[in-house]
Amino acid sequence: MAKLWKSTIVCMLVFSLILAGCGKEETTTADGKRILKVWGMGGEGGSLPDMVAAFEKANPDIDVQVQQIPWDSAHDKLLTAVASKNGPDVIQMGMTWIPEFANAGALLDLTSYVDQYPNLKQENFFEGARETMTYDNKLIAIPWYMETRVLYYRTDLLKEVGYDQAPKTWDELKDAADKLAARGNGNYGILLDNQDAAFTLPFAWENGSEVIGSDNKAQFNQQPYIEAVNYLTSFYKDGAAPTQSDMQLLPAFGQGIIPMFFSGPWSINQIHETVPQIDGKWATAVIPAKEEGGKSASVLGGSNWSVFSSAANKDDAVKFVSFMSDPANQIEYYKLSKDLPSTLKAWDDKALDGEQISTFRDQMETSRPSPFVPQWEAVGQLIKAALQQIVVGGTDVNTQMEDLNTQADALLQK
């Protein structure tokens with residue numbers, strides 16, 4: 001177990017005992033129902049009540065108590081819950097957090113439950129999502145909803161610069177962005193978010209980099225990653241992408257100032273609601289591959305369900321996770337939230353028909369989670385800082401990547 005994470009958990013243990021004490025919480029209600037405590041994060045936590053009602057109707061002997069946790073405080077609350085062993089039974093886990101908490105021994109191994117609950121089987125899910133389900137050969141997380149990034153583009157404006165379809169290669173994406181930026185008058189070709197830790201990953205993967213290798217060593221100073229960074233930073237250097245901007249993306253998309261950007265499925269409804277005047281003038285496409293005939297790549301995100309290893313009600317917790325992983329229930333949740341299902345079978349439902357949504361189905365076939373290591377969140381902060389030094393500070397890419405690699409390796413080896 002990494003020393004950094006051990007010391008963090010120990011510190012949180014002392015802190016949590018001071019705050020919470022060691023009292024034992026009730027596991028049944030006054031009328032004898034078994035209490036199942038569920039933590040849901042952000043907006044997803046707020047949209048759970050209808051699903052919980054359906055679960056309780058099918059399981060009248062269980063009382064599900066949902067606590068909605070804001071994403072910005074969720075990580076600290078999870079650390080406290082792990083240290084005190086006084087947390088929920090079921091927890092919604094952001095994919096990038098799973099290795100950290102699995103490494104700390106906080107997540108129950110669900111392997112022994114798979115025969116009883118076939119919804120937990122790995123083959124039910126997209127290949128990329130399967131990478132988030134196991135740690136140290138233990139089944140510790142079940143995908144709930146997924147998202148990935150695709151290209152949003154203005155079909156009318158792309159057509160004006162010679163593109164009847166979305167760019168399919170790196171060269172085409174750069175060419176289209178340059179031509180769109182050449183319109184002048186404050187117009188750009190594309191928005192590239194260099195403050196997203198996952199910003200470089202699809203292009204690095206497409207270029208043959210693993211970013212962090214199977215030996216747990218960083219690859220930021222190796223040629224495949226450096227070439228991807230040079231390609232991406234060329235958009236800024238040539239004026240095709242703004243280096244820093246306080247403009248609002250969707251109004252800028254509607255006005256044509258930013259005619260291309262990468263985003264997740266949430267942007268579909270946001271565009272319809274914010275700039276309905278361009279309906280029929282935009283579309284989605286998978287991220288361009290490096291070369292014609294090459295394989296597109298994207299980052300897989302979303303949330304999984306895990307059961308705390310210290311859960312007071314493990315069996316009902318697994319039953320709840322299985323319920324939420326059922327394809328029919330995932331479709332019901334999609335209708336409530338527009339969060340995309342994680343199970344392959346759910347995608348056969350007509351509720352997910354439509355060209356804009358089908359792009360995400362195609363992209364998820366080649367999407368991968370961020371490197372599945374406990375230190376990824378910290379490494380991501382280093383990546384963002386390095387990109388700022390290059391894009392805004394003008395530092396040399398090779399030098400900056402060498403520094404990034406040294407810092408990342410120091411974190412990865414702790």
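The following questions and answers go through a predicted model of one protein chain.

Biologist: What does the chain average in pLDDT, and over which residues is the pLDDT below 50?

Modeller: The average for the protein chain is 92, and 94% of the residues score at least 70. Where pLDDT is low, the predicted coordinates should not be read in detail.

Biologist: Which residues of helix α3 are buried, and on how wide an arc do they lie?

Modeller: Helix α3 spans residues 49–58, and its buried residues are Met-51, Val-52 and Phe-55. They sit on the same side of α3, because the arc they cover around the axis is only 100 degrees.

Biologist: Which residues are exposed on the other side of α3, and what covers its buried residues?

Modeller: Asp-50 and Lys-57 are the exposed residues on the other side of α3. The cover over the buried residues of α3 includes two strands and two helices: β1 (34–41), β2 (62–69), α13 and α14 (327–337).

Biologist: Is Asn-329 buried or exposed, and which residues does Asn-329 touch?

Modeller: Asn-329 lies in helix α14, and α14 is among the elements that cover the buried residues of α3. Its relative accessibility is 17%, so Asn-329 counts as buried, the cut-off being under 20%. Leaving out residues up to four places away in sequence, Asn-329 touches Met-51 and Phe-323.

Biologist: In helix α15, within what arc do the buried residues fall?

Modeller: Helix α15 covers residues 355–364, with Ile-357, Thr-359, Phe-360, Gln-363 and Met-364 buried. They line one face of the helix, because seen down the axis of α15 they fall within an arc of 145 degrees.

Biologist: Where does Phe-308 lie, and how far is Phe-308 from Pro-88 in space?

Modeller: Phe-308 is in the loop between β10 (298–307) and α13 (314–324). At 1% relative accessibility, Phe-308 counts as buried. Its contacts, not counting residues up to four places away in sequence, include Leu-78, Val-82, Pro-88, Ile-91 and Leu-107. Phe-308 and Pro-88 are 220 residues apart in sequence, and their C-alpha atoms are separated by 6.9 Å.

Biologist: Which residues lie nearest the centre of the largest pocket?

Modeller: The largest pocket has a volume of about 910 Å³. Its lining has 16 nonpolar, ten polar and nine charged residues. At least two lining residues come from each of β6 (142–148), α12 (266–274), β10, α14 and α16 (376–391). Of the 35 lining residues, those nearest the centre are Glu-147, Arg-149, Trp-266, Gly-301 and Gly-302.

Biologist: Which residues does Ile-390 touch?

Modeller: Ile-390 is in helix α16, and at 5% relative accessibility Ile-390 counts as buried. Ile-390 and Met-401 are eleven residues apart in sequence and 9.5 Å apart from C-alpha to C-alpha. Setting aside residues up to four places away in sequence, Ile-390 touches Val-229, Thr-233, Thr-395, Val-397, Gln-400 and Met-401.

Biologist: How far apart in space are Tyr-236 and Leu-192?

Modeller: Tyr-236 belongs to helix α10 (residues 223–237), and with 7% relative accessibility Tyr-236 counts as buried. Among its contacts, not counting residues up to four places away in sequence, are Leu-192, Phe-199, Pro-242 and Val-391. Tyr-236 and Leu-192 are 44 residues apart in sequence, and the C-alpha to C-alpha distance is 8.7 Å.

Conventions. Residues are numbered from 1 along each chain as its sequence is written. This is a predicted model: local features need pLDDT of at least 70, side-chain atom pairs count only at pLDDT 80 or more; totals for chains, interfaces and linings use all residues. Side-chain values use heavy atoms; hydrogens and water are left out. Helices (H or I, at least four residues) and strands (E, at least two) are DSSP runs, numbered from the N terminus. Buried means under 20% relative accessible area, exposed over 50%, partly exposed in between (1.4 Å probe, protein chains only). Contact means heavy atoms within 4.5 Å. pLDDT is the predictor's confidence in each residue, from 0 to 100. The arc is that of the directions from the helix axis to the C-beta atoms. On a 1 Å grid over the protein atoms alone, a cavity is a set of points where a 1.4 Å probe fits but cannot get out, and a pocket is an open set with protein on both sides within 12 Å along at least five of seven lines; lining residues have an atom within 4 Å of a point. Grid points are joined across faces, edges and corners, and a volume is the space filled by probe spheres set on the points. Ala, Val, Leu, Ile, Met, Phe, Trp, Tyr, Cys and Pro count as nonpolar, Asp, Glu, Lys and Arg as charged, and the others, Gly among them, as polar.
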